[in-house]
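I opened this notebook to keep track of what I looked up, entry by entry. I begin with the words I need and then go through the parts.

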Amino acid sequence: MDRKTAADFHPEVLRSFDKYVHGIIDRRGFLDAVAKYAVGGVTATALLETLSPQFALAQKVAKDDRRISASYVEYASPEGSGTMRGYLVQPANVSGKLPGILVVHENRGLNPHIEDIARRLALDNFLAFAPDALFPLGGYPGDEDKARDLFAKLDQAKTRADFIAGAKFLKGLPNCTGKIGAVGFCWGGGIVNMLATRLPDLVAGAPFYGQQPTAEDAAKIKAAMLIHYAGNDDRINAGWPAYETALKAAGVKYEMFKYPATEHGFNNDTTPRYDEAAAKLAWERTIAFFNKSLRA
């Protein structure tokens, strides 16, 4: 069966799905909003199922791939949740130290897609570490709807502290060079922006369609920033002009790329919002950015 793309859905269906995955409307609200677009024997529930992640189909690097070494490790987060857990991946049989990349998930916790992203980074010769914000609540539950429900119960101040602690943990690993970057998607893109304002030793940040920090916080950024936005993402893009003004005022080294005719989530290859050409280009830019920033 051919994989669906964003072009197969009415724009209003995509907008409603975006509202649903970000908690602006609930499941019933989504089904009601898209009912009039469910035609030709397709139900509103079927639309939701089609838009939802298909992890197995999109996996690029298997969990048992012999080219990597991966494990779940716990770390201390004294100002956050106390104890946290993340997925640590590196190339197999690596000699010497590697720069580290903190991988920050979307608002569903450490799901299989983000683990796959971490494995892809390891194959690009980075030490990748992906914390699970949901660990204090039992960890990613294996169901995206349940994950979103759990996510709403997090203490966001503690969760931010958990990712700050995760970055410090990664930087301090004996096989890390001490140079670290961060990449994140959606909610995780916002966390990357936040980390750049809170960690003066973060070398590089690559947020994908993430919520922007305030101008006051943006003035504290020391990291180089590579910022990715989707073309059809008014909700997030509305914050860019003010962010850019703040970055310029603070003398931050940054590049921003907006990918025309793409949807929020275009890099996530588990859903129809994925745009193969834009995702490939954005990822190539991201890897080149990290190589330049962290290996110099």
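Before anything else I noted that helices (H or I, at least four residues) and strands (E, at least two) are DSSP runs, numbered from the N terminus. I am working with a predicted model, in which local features need pLDDT of at least 70 and side-chain atom pairs count only at pLDDT 80 or more, while totals for chains, interfaces and linings use all residues. Residues are numbered from 1 along each chain as its sequence is written, and side-chain values use heavy atoms, with hydrogens and water left out.

I looked up alanine 261 and found it in strand β8, residues 254-263. Its phi is near 60°, a positive value in a residue other than glycine. Alanine 261 counts as exposed because its relative accessibility is 61%.

Cysteine 186 also has a phi near 60°, positive although the residue is not glycine. I located cysteine 186 in the loop between β5 (176-185) and α8. Is cysteine 186 buried or exposed? Its relative accessibility is 8%, so cysteine 186 counts as buried.

**Entry: helix α8**

Helix α8 covers residues 187-198, which makes 12 residues, and reaches 17 Å from its first C-alpha to its last, close to the 16 Å expected at 1.5 Å a residue. That expected span is 1.5 Å times one less than the number of residues. I then checked how covered the helix is: 11 of the 12 residues of α8 are buried, so the helix is largely enclosed by the rest of the structure. The buried residues include Trp187, Ile191, Met194 and Leu195.

**Entry: nonpolar cores**

A nonpolar core is a set of buried Ala, Val, Leu, Ile, Met, Phe, Trp, Tyr and Cys residues joined through side-chain atoms within 4.5 Å. Which residues of the largest core touch the most other members? Of its 45 residues, they are Leu102, Phe163, Leu195, Leu202, Ile221, Met225 and Tyr243. Helix α8 gives the largest share of this core, 6 residues. I also noted a second, separate core of 35 residues, which includes Tyr87, Val89, Tyr209 and Tyr259. As background, I wrote down that in soluble globular proteins nonpolar side chains tend to be buried together.

Rings of Phe, Tyr and Trp (its six-membered ring) pair if their centres lie within 6.5 Å; planes under 30 degrees apart count as stacked, over 60 as edge-to-face and the rest as tilted. A search of the whole structure finds 20 aromatic pairs. One of them joins tyrosine 75 and phenylalanine 129, which are edge-to-face at 5.5 Å centre to centre, with 70° between the planes. Tyrosine 75 is in strand β1 (residues 68-77) and phenylalanine 129 in strand β4 (residues 127-131), so this pair ties together parts that are 54 residues apart in sequence. Both tyrosine 75 and phenylalanine 129 are buried.

Tryptophan 240 and tyrosine 243 form another edge-to-face pair, with 5.9 Å centre to centre and 85° between the planes. Because they are 3 residues apart in helix α11 (residues 240-250), tryptophan 240 and tyrosine 243 are separated by about one helical turn. Tyrosine 243 counts as buried at 2% relative accessibility, and tryptophan 240 counts as buried at 8%.

**Entry: strands side by side**

I took two strands as paired if DSSP finds at least two bridges between them. Strands β1 and β2 run antiparallel and are joined by 10 bridges, and they form a hairpin with 4 residues between them. In this pairing, alanine 76 stands opposite threonine 83 in β2. Strand β2 (residues 82-91) is mostly covered, with 7 of its 10 residues buried. On β2 I also found glycine 86 opposite proline 131 in β4, and 4 bridges join these antiparallel strands, β2 and β4.

How do β5 and β6 run, parallel or antiparallel, and which residue of β6 is the bridge partner of alanine 182? The two strands run parallel, joined by 6 bridges, and the partner of alanine 182 is glycine 205.

Note on methods: Buried means under 20% relative accessible area, exposed over 50%, partly exposed in between (1.4 Å probe, protein chains only).
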